[in-house]
Amino acid sequence: MRTSRLMLLFAGVVLAGTRPARAQDSQFGIRGLGIPGRWESVRARTTGGAFAAFDAASALADAAMVESTVLTSTLVVAPSFRSVDTPFGDADLRATRFPLFTVSGTIGRWAVGGGFSTYLDNSYEVITRDSALVRGEMVSFVDDFASDGGVSDIRFAVARRIGPRLALGLGLHAMTGSARITAVRVFTDTGRYATVRDTQLVRQTGFGVSASALLTPSPRLSIIGYARGDDEFKTKLDRNEVGTIDLPNMFGGAVRLTLGQNARLAGSVTYRPWSISGPGAFNTLNWSAGLEVGSSVTAIRLGGRAGQLPFGPGTSPPAEWGVAAGLGRVFASRHGVMDVGIERLVRTGSGLEEVVWTVLIGFTIRQ
Amino acid sequence: MTRQARGGALCAALGLAVLLTACTEKLLAPGHCPEVCSTFALTMTDTILPLAIYEDSSFGRPVGYISPHNATGLVAKSVPGRESRPIFRTIPIPSRIVVNGDTATGPVVGVDSLRLTLTITARDTAAHNLTLSLYAMPLTIDSTTAFHDLDGPFGAAPVRTVNLDTLLARPGLKDPVTGDSALVDNSTRRIILLLALDSAQAPLVTADSGKLAFGIRISADSRASATLGAQESNAFGPVVTWFLKVDSLGAKTIKATRLAQPAFDGFVFDPPALPIGSALVVGGVPSARTMLRMALPRAIRDSSRVIRATIEFEAAAQLEGTAADSFRVVAHPVIADFGAKSPLSNARTDTTWIAVVPLDTVRIDVTRVLAYWTTNTQATTMMLRQLPEGAVFAELRLHSSVVFAQRPKLHLTYAPRYPVSP
């Protein structure tokens with residue numbers, strides 16, 4: 001009883017106190033819709049994302065919820081420290097995000113869950129210097145373009161075992177978010193040319209469905225396939241609808257091997273045809289592999305991932321690779337789980353390099 | 001504490017430390033277009049709107065917004081084609097003055113001496129042998145007094161004459177013979193003249209209650225021009241200091257000092273101001289203002305950012321005076337459009353320096369005024385006025401919209417709304 005109240009309080013505080021879920025920012029999202037979020041709990045993310053499709057606390061594959069038999073709530077906090085190296089200058093950036101919150105439990109034979117996660121993050125601020133011919137003379141100025149916001153994915157999902165070796169999952173997704181876009185132009189000669197400041201609020205909404213199938217041919221082997229179909233973003237500028245953007249579907253699969261009582265190995269591949277969203281976007285193929293070693297009380301995890309990013313300068317997709325490691329610890333008579341980890345990502349493309357260190361902190365409360 | 005609990009506490013402390021370290025967001029990074037910058041850029045549009053000013057008129061003649069009697073400066077000028085002479089009349093002084101620090105008063109029985117303080121707020125430094133001549137004026141002078149009404153008093157011998165260049169060249173800026181002295185404020189370039197007068201030059205006439213009236217003529221080798229502070233200019237007006245002899249209740253004669261500030265000051269000038277006619281006039285004496293009613297396209301007013309805005313006028317006449325007569329033109333938005341008497345807003349004004357040089361096209365900056373209009377629904381009417389107002393003979397005479405080919409135009413550089421597309 002006490003645990004249920006604690007969970008309700010936890011969920012209430014999280015829902016009331018956090019901003020819309022957002023993942024880490026990236027300079028590679030500036031020229032597109034943003035940077036896609038990771039629908040992974042800390043446990044999954046510290047294995048490079050390889051276990052995300054089998055993790056009930058992650059929001060990647062709905063069928064994985066059948067592995068959670070009690071009411072469980074998870075929150076991820078992710079402070080990141082980013083160094084950006086461009087031919088035009090370097091910068092050290094930092095931000096703290098809450099990229100994932102999930103709740104799952106059972107109602108009868110059904111596993112039911114939901115939560116919110118980051119679909120796209122679109123926060124950045126860049127400064128450029130330029131000049132232009134104004135009234136017959138060259139006038140220099142500094143532009144400051146900033147975007148603050150993102151799109152959250154609110155999910156409601158159900159899953160059910162169909163026999164001892166198969167489980168199916170189905171999810172409904174509502175994407176909603178906004179970004180406050182600010183453009184400021186300051187002229188060098190402020191006495192003659194007034195500063196331009198323009199702020200607009202861009203709102204985006206969309207819907208999607210997801211489905212997944214978890215096959216367990218043997219106690220040591222699990223295979224999952226997942227797919228997601230997203231419709232389109234309806235975009236409003238301030239209060240006026242200005243158009244739509246097609247969103248990509250997603251296809252993926254993962255395999256998990258149980259090597260023994262205390263060791264598990266997983267790998268996954270995900271494909272998203274982002275090029276449908278417009279010019280300058282690229283299809284992405286991402287893979288990951290990870291290992292989890294430990295008991296049900298304490299676990300050590302590590303993993304790696306690689307693939308492409310959907311947006312960036314140039315004619316080819318930016319590349320991304322990363323490694324992660326972490327550990328999990330159960331406490332409070334198995335009602336509480338704390339997962340911590342660290343992730344290093346390297347993104348490169350068209351002369352731009354970005355190195356991101358992210359500290360991952362996950363809080364899970366179970367009934 | 002169990003080992004498990006210690007581990008949990010350690011993890012919590014670690015997480016809290018990281019959160020505190022990274023809780024402030026820093027996203028600012030250098031960019032470069034088009035590689036690392038937004039796909040949408042601010043654009044600038046430069047356009048000339050010949051019909052933006054749909055009504056224009058000038059007001060201020062024959063009665064100006066500021067006339068010589070309420071101007072902040074008293075113009076002394078003697079150049080070909082322009083003669084201007086400051087005049088002023090002091091307030092009366094009391095016939096009895098408190099003596100011995102109590103309530104008892106004694107009669108004023110004579111004058112020891114006087115000191116006239118004049119402040120030169122502006123002058124043409126290229127003029128040599130700048131000389132001020134002080135003339136006695138009738139006490140009847142007031143704001144209706146015209147230039148030729150004072151031909152007689154100015155035709156008489158001057159009460160005093162002081163050569164400014166000679167005085168400023170003396171050690172300590174003092175003339176030991178006449179008792180005149182000067183103080184120079186190098187930061188403001190003001191010169192305070194302290195002219196010593198005796199009771200013969202400025203007699204105490206009991207019937208006039210000690211009122212005095214003076215007129216000043218200026219002369220120089222060439223370009224004789226200066227502006228004296230008026231009483232409207234915050235304590236820079238002419239002041240007469242009386243050093244009086246007072247009967248101390250029959251015991252002895254004591255000395256007392258009384259200041260006599262002007263009851264009236266102004267200046268008379270010739271030739272008189274031209275009527276406004278069909279032109280637009282800004283400035284001059286008495287001062288005129290020009291009102292412009294403007295219609296901005298909705299796309300600009302509602303959703304654009306003004307970068308620079310100037311109104312381009314074609315000059316209808318050249319400016320009077322020399323470089324020393326250069327002035328500023330201030331554009332004020334009106335708070336409400338009541339025509340010539342519209343209250344002006346001082347919050348968002350633009351100032352343009354007008355040099356006295358041959359004019360062709362006159363560009364008046366109105367950037368802040370137009371930017372102000374794009375943020376509210378106030379009347380899009382502005383007023384142009386001169387600074388200093390009513391104390392400069394140079395006036396802008398500009399073609400109005402009466403002649404279509406020469407009508408004023410709005411030259412506008414603006415940024416259309418930041419084009420965010422889906």
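Biologist: Which residue in β4(A) is the bridge partner of A:G105?

Modeller: The partner of A:G105 is A:V112 in β4(A). Keep in mind that this is a predicted model.

Biologist: How many bridges join β3(A) to β4(A), and which way do the strands run?

Modeller: Eight bridges join β3(A) to β4(A), residues 110-121 of chain A, and the two run antiparallel. They form a hairpin with two residues between them. In that turn, A:G108 has a positive phi of about 65°.

Biologist: What about β2(A) and β3(A)?

Modeller: Here 14 bridges join β2(A), residues 72-86, to β3(A), residues 89-107, and these strands are antiparallel. A:L75 has A:F101 in β3(A) as its bridge partner. β2(A) and β3(A) also make a hairpin, with two residues between them.

Biologist: Now to the pockets. What shows where empty space is left?

Modeller: Rolling a probe the size of a water molecule over the atoms shows that. In this model, the largest pocket has a volume of about 930 Å³. It has 42 lining residues, and those closest to its centre are A:R43, A:D55, A:E67, A:E292 and A:R366. The lining holds twelve nonpolar, 18 polar and twelve charged residues.

Biologist: And how much space lies in the second largest pocket?

Modeller: About 660 Å³. Of its 26 lining residues, B:T121, B:A122, B:T227, B:P388 and B:V392 are the closest to the centre. Twelve residues of this lining are nonpolar, eight polar and six charged.

Biologist: Why does the second largest pocket lie between domain 1 and domain 2 of chain B?

Modeller: Because domain 1 (45-62 + 273-416) and domain 2 (69-270) both give residues to its lining.

Notes:
Residues numbered from 1 in each chain as written. Chains lettered and ligands numbered in written order. Predicted model: local features only at pLDDT ≥ 70, side-chain atom pairs only at ≥ 80, totals over all residues. Heavy atoms only, no water. Pairing = 2+ DSSP bridges. Helix = DSSP H or I, 4+ residues; strand = E, 2+ residues; numbered from the N terminus. 1 Å grid on protein atoms, 1.4 Å probe; cavity = no way out; pocket = protein on both sides within 12 Å on 5 of 7 lines; lining within 4 Å. Points joined across faces, edges and corners; volume = space filled by probe spheres on them. Nonpolar A, V, L, I, M, F, W, Y, C, P; charged D, E, K, R; others polar. Domains from an automatic or database assignment.
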